[in-house]
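Work through the exercises below with the model open beside you. Try each task before reading its solution.

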Amino acid sequence: MTSALQQLIDQLSPLWSQNYVFMFACLIATLGVYLLSRKLYFWLDQNPLLHPLTISTLVIGFGLHFAEIDVMAFKRGITLFELLLGPATVALAVPLYNQLPVLRQLGFRVLAPILIGGSLAPTIAWLSVYLLKTPLQLQMTMLVKSITTPLAMGTADLIGGTPELAAVIVILTGIVGATFAPWLIILTKTDSEYAQGLALGSVAHVIGTSKALSVSETCGAFATLGLCLNGIFTALLLPILFA
Amino acid sequence: MTKNSVRGICGFALLCCIYFISLFLFHYFTIPLPPALIGIFILLLLFLLLGGVPAAITQSARPLLAHMGLFLLPALISVLLYGDLFEQYYVALIIAVLLSTLVSLGITLWLSQRILSGVKASTEVNQPMINERKKMTSKTSL
C-alpha cells in the first residue's frame with residue numbers, strides 16, 4: 001500500500017520541489033509557444049505538416065539550446081502539463097461512450113477493419129526496423145505506433161520501449177496518415193464516409209480524426225470509434241504479449 | 001457561463017480523481033495496462049451505471065481533449081534528449097513509419113470500403129457531441 005502511494009507521490013513531487021518562479025516561467029513559455037503555433041496552424045488552413053506540436057517542439061528546442069537551459073530542468077518545470085495528460089486521456093471515455101450505439105449496431109463490420117488495420121501497421125513497422133537492424137528498445141517502441149499518443153506512451157513503458165520516442169512516432173504516423181489520406185482514398189476508391197472515418201481513426205488516430213471531422217460529422221464519429229477501439233485493443237494486447 | 005465553468009471544474013476534479021485512483025491501482029496491483037486505460041474503463045463503467053455522460057464531465061472533457069497537444073509537449077521535448085538514438089536510426093524510423101502507415105492506411109481503407117459500402121447506420125450520432133464536434137473541429141489541436 002505504502003509503496004504504491006510512495007510511487008504516486010514521487011510522480012507528483014516535481015510540482016512542489018523546485019523553484020516556483022522557474023516552474024511558472026517554464027509553464028508560461030510552453031503555453032505561449034503552444035497557443036501561438038496553434039494560431040499559425042489554423043491560419044494556414046490546418047496543413048498537417050505544420051502541426052502545432054512539431055512547430056512548438058522545434059521552437060522550444062531551439063530556444064532551450066540558445067538560452068543554454070538544461071532540457072531536463074525545463075522538463076521538470078512543465079511537469080504540470082505532463083501530469084494533466086492523465087485526466088485528458090481518461091476523458092477519451094466520453095466520445096467512446098457516445099459512439100457505443102454505432103458499435104452495437106454495426107458490430108463486426110466496424111471491428112474487422114479496426115483490428116486488421118490496427119495490427120497491420122505495427123507489424124509492418126516492426127518488420128522494417130527489425131530487418132534494418134535497430135536496437136530492441138526501438139523495435140518495441142515501434143509496436144505502439146498505431147494507437148493514440150497517451151496510450152502509446154503508457155504501453156511503450158510496459159513493454160520495454162521508450163515512451164517519449166513512442167510519442168514522436170505516433171505523431172509522425174498521424175501526420176503521414178493525414179497528409180496522404182486524400183490520395184489513398186482516391187486510389188482505393190473509398191467512397192463510404194464510414195470507411196474513410198474508420199480507417200483514418202484507426203491508423204492516424206487523433207490527427208486522422210481531425211481530418212475526418214473536416215469531411216463530416218459521421219466520418220469524424222467513425223474515426224473516433226476507430227481511434228478508441230484500436231487504442232484499447234492494442235493497449236490490452238501488447239502488454240499481455242510482451243510485458 | 002459560470003454555471004458551465006463550475007460544472008467544468010467539478011468534472012475536471014472528478015477526472016483527476018479517477019486518474020489518481022487508476023494510478024494507484026496500477027502500482028498497487030501491478031496491472032499490465034497503461035494507467036490511463038484503467039481510468040478510461042473506470043469512467044466508462046461509471047457512464048454505463050449512470051446511463052449517460054454527466055454534464056460536468058462533458059464540460060471538462062471538451063477543453064482537455066481539444067488541448068491534448070499541450071500535454072504532449074513535455075514528452076516531445078524529452079525526445080531532444082534522445083537525439084543520439086534518433087540520429088543513428090532515423091532512416092530506419094522514417095522508412096518504418098512511412099511504409100507501415102501508407103500500406104496499412106491503404107489496406108484499411110480498401111477493406112472498410114468493402115465491408116461498409118452500402119451500410120447505413122440508422123442510429124443518429126449522439127446530439128450533444130455533435131455540437132462538441134463542431135466546436136472541436138475549429139479547435140482540436142491534434
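In chain A, confidence is lowest in helix α1 (residues 2-12), at a mean pLDDT of 80, and highest in helix α2 (residues 20-43), at 89. Here pLDDT is the predictor's confidence in each residue, from 0 to 100. Helices (H or I, at least four residues) and strands (E, at least two) are DSSP runs, numbered from the N terminus.

This is a predicted model: local features need pLDDT of at least 70, side-chain atom pairs count only at pLDDT 80 or more, and totals for chains, interfaces and linings use all residues. Residues are numbered from 1 along each chain as its sequence is written, while chains are lettered from A and ligands numbered from 1 in the order in which they are written.

**Exercise 1. Describe the fold and dimensions of chain A.**

Step 1. Check the confidence. Chain A averages a pLDDT of 84, and 99% of its residues score at least 70.

Step 2. Count the elements. Chain A has 12 helices and zero strands.

Step 3. Compare with a globule. The rule is 2.2 Å times the number of residues to the power 0.38, with the radius of gyration taken over C-alpha atoms. For 243 residues, a compact globule would have a radius near 18 Å; chain A has 19 Å, so the two agree.

Step 4. Along the principal axes, the C-alpha atoms of chain A fill roughly 55 × 45 × 40 Å.

Step 5. Look at the contacts. Two residues are in contact if their C-beta atoms, placed from the backbone, lie within 7 Å. Of the contacts in chain A with a separation of 6 or more, 60% involve residues 24 or more positions apart.

**Exercise 2. Classify K133(A) and H205(A): buried or exposed?**

Step 1. Set the cut-offs. A residue is buried if 20 or more other C-beta atoms lie within 10 Å of its own, exposed if 12 or fewer, and partly exposed in between; C-beta atoms are placed from the backbone.

Step 2. Take K133(A). This residue sits in the loop between α7 (108-131) and α8 (136-142) of chain A. K133(A) counts as exposed because it has 9 C-beta neighbours inside 10 Å.

Step 3. Take H205(A). This residue lies in helix α11 (residues 193-215) of chain A. Its phi is also positive, about 25°, although H205(A) is not a glycine. H205(A) counts as buried because it has 31 C-beta neighbours inside 10 Å.

Step 4. Recall the background. Most residues other than glycine have a negative phi.

**Exercise 3. Which residues have the most contacts inside the largest nonpolar core?**

Step 1. Define the core. It is a set of buried Ala, Val, Leu, Ile, Met, Phe, Trp, Tyr and Cys residues joined through C-beta atoms within 7 Å.

Step 2. Read it out. The largest core has 110 residues, and V90(A), A91(A) and A167(A) have the most contacts inside it. Its largest share, 14 residues, comes from α10(A).

Step 3. Leaving aside residues up to four places away in sequence, A91(A) touches L15(B), A61(B), L64(B) and L65(B). The buried residues of α3(B) include A61(B), L64(B) and L65(B).

Step 4. V90(A) is one of the buried residues of α5(A). Helix α5 (residues 79-90) of chain A has 10 of its 12 residues buried, so it is largely enclosed by the rest of the structure.

**Exercise 4. How many residues does each chain bring to the contact?**

Step 1. Count both sides. Chain A brings 106 residues and chain B brings 80.

Step 2. Find the main contributor. On the side of chain A, helix α10 (residues 163-187) gives the most, with 15 residues.
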